[in-house]
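Could you walk me through this structure in my viewer? I am new to it and would like to know what to select at each stop.

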Amino acid sequence: MRPVSSPLPLGLLSLVLAYTLPHADAAATPRQPGADRTIQMSRRNYLRNSDTDIGGWLKNNKLATEIKYGLGGSAGKRAVGSNQLTDLMYDSSYFGSLAVGTPPVAFNVILDTGSADLWIAASNEQTTTNSNSEAKGIALFSPQSSSTFHSLNQPFAIRYGSGAAEGTLGEDEVQFAGFGLNQTFAVVNQTSADLLTSPLSGLMGLGFSTIAASGATPFWQALATTSGALDQPLFAFQLTRFSNDTNAEKLEAGGTFTLGNTNSSLFQGNIDFQPIPSGAPGYWIQELTKLTVNGQSVTLPTGEDAWSAIDTGTTGVGLPQSILSAVFSNVQGSEQRSDGYYEYPCAANPVVEVTWGSSSVSWPISSADFMLQQISEETCVAAFFPVDNTGSSAPPMIWGDTFLKNVYSVYQYKPQQVGFAQLSNLAISQSSGDVPVPSATIGSVASVSATSGSNGGGSGTGSSNDVLSTSSIPSTLVLSSMIGGVLAVWSTL
């Protein structure tokens, strides 16, 4: 998203603002010939609060998504890399870590396929808000401490429903998932009070450069367009589920992010690829061609009116009101709330299935993911909310982690397409609670010369250091899992 006009994932930030989220670190493993590089992720669970708190949380979650998309009137060698993810607050978000500068310092960031800028909070002696952030345990980037940092002296500003962030663009060595690049990113040194919450220090957009507010080529795209840098020009996510586990901790193993190839141990069968529609904006767009609720088909529009952003930085699912109403007309006992979300009997356990493009494959959404919050013994709130893209370039629908926890998702640069596959037993077992939360480790980084700077500039070589978290909690890949909720807030920063 473009800052100011179309900000970074605000949803995730809003949630982070409202609630303190724990995190985990992403470990970059040394690359060995023929071996995949994977990032393990940690997960954040759904908030379990009083009905009063939930109302405010739902409102902020929806607002964060609207701001992110500008909706509703809101302003080296061929290789494969991977990081383990951390699940934060019961599937609210998933995060990881990257390292910046020389010597490298690690920061926890949200991985967001719904935006395209890299943004990191920075220290500034004249900025009291960031000084406060530092006092709260938020790791801040210090340009003066990096011998390879170069300021571009270009202003950068992002506005959120919960506040604003401003700074300048710069270039420095960035290491992520076992790769190193000289990358253009936003150094944010002015923020509204409480805009950030430990242990998150920023966000990494995984969308296309055409929606980057900075004009810079995203890290993943710079590698995908560099000959020989990756085994394949793609990345993939596998996310865990803990929202339905009453014994889950605030930090759990969140899954795996893989860059440069897929991880065959995490899915079974074929990957069902569907092309990104011609003329689609710089999001990972898929056309929703079939939607059933409890076996009943929902009437859908076609073409651009059915375009959906596949967004790891959003917790839930955003739909036009007409489609949303049709969905819940098939859920007996459901009723729309004043904040746009729907309440329904928890015992209903709705069965939702979706089909993308020209595929004949239907992907089911677990009833555990359909539910966003349980607000009483018998009443639940669904993870679906209304969005209106009138007057914006954003797609009319947004499908976040509510859907993505149910599949292995693949995002390919050439040809530009998105693929889904059935999770393997190994992937499913990672939601058992028996997998330890990832911790930061030191490994080798493949040096890659690639154009990743703003306006075509900023090529460079990465150092040999690995991502290392400065927090007491390991930093891993973070992904939002609630589109209008906690996760969405972070990814909509």
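**Stop one: a four-stranded sheet**

Welcome! Start by selecting the four strands of an open sheet, which come in the order β17-β18-β22-β21 and pair in antiparallel fashion. At its edges you will find β17 (335-336) and β21 (371-374), each of them pairing on one side only. Keep in mind as you look around that this is a predicted model.

Now zoom in on β18 and β22: these antiparallel strands are joined by three bridges. Show the residues here and look for Y344, which stands opposite C380 in β22.

**Stop two: the disulfide**

Return to C380 and select C346 along with it: a disulfide joins the two, with 2.0 Å from S to S. The structure holds one disulfide, and this pair links distant parts of the chain, 34 residues apart. C346 sits in the loop between β18 (342-345) and β19 (352-356), while C380 belongs to strand β22 (residues 379-382).

Turn the view to look along the link: it is right-handed, with 110° about the S-S bond. Are C346 and C380 buried or exposed? Both are buried.

**Stop three: a serine in β3**

Finally, move to strand β3 (residues 93-100) and pick S97. S97 is buried, because its relative accessible area is 0%. Select N83 as well: 14 residues away along the chain, its C-alpha atom is separated from that of S97 by 8.6 Å.

Terms used: Residues are numbered from 1 along each chain as its sequence is written. This is a predicted model: local features need pLDDT of at least 70, side-chain atom pairs count only at pLDDT 80 or more; totals for chains, interfaces and linings use all residues. Side-chain values use heavy atoms; hydrogens and water are left out. A disulfide is a pair of cysteine sulfur atoms within 2.5 Å. Helices (H or I, at least four residues) and strands (E, at least two) are DSSP runs, numbered from the N terminus. Buried means under 20% relative accessible area, exposed over 50%, partly exposed in between (1.4 Å probe, protein chains only). Two strands pair if DSSP finds at least two bridges between them.
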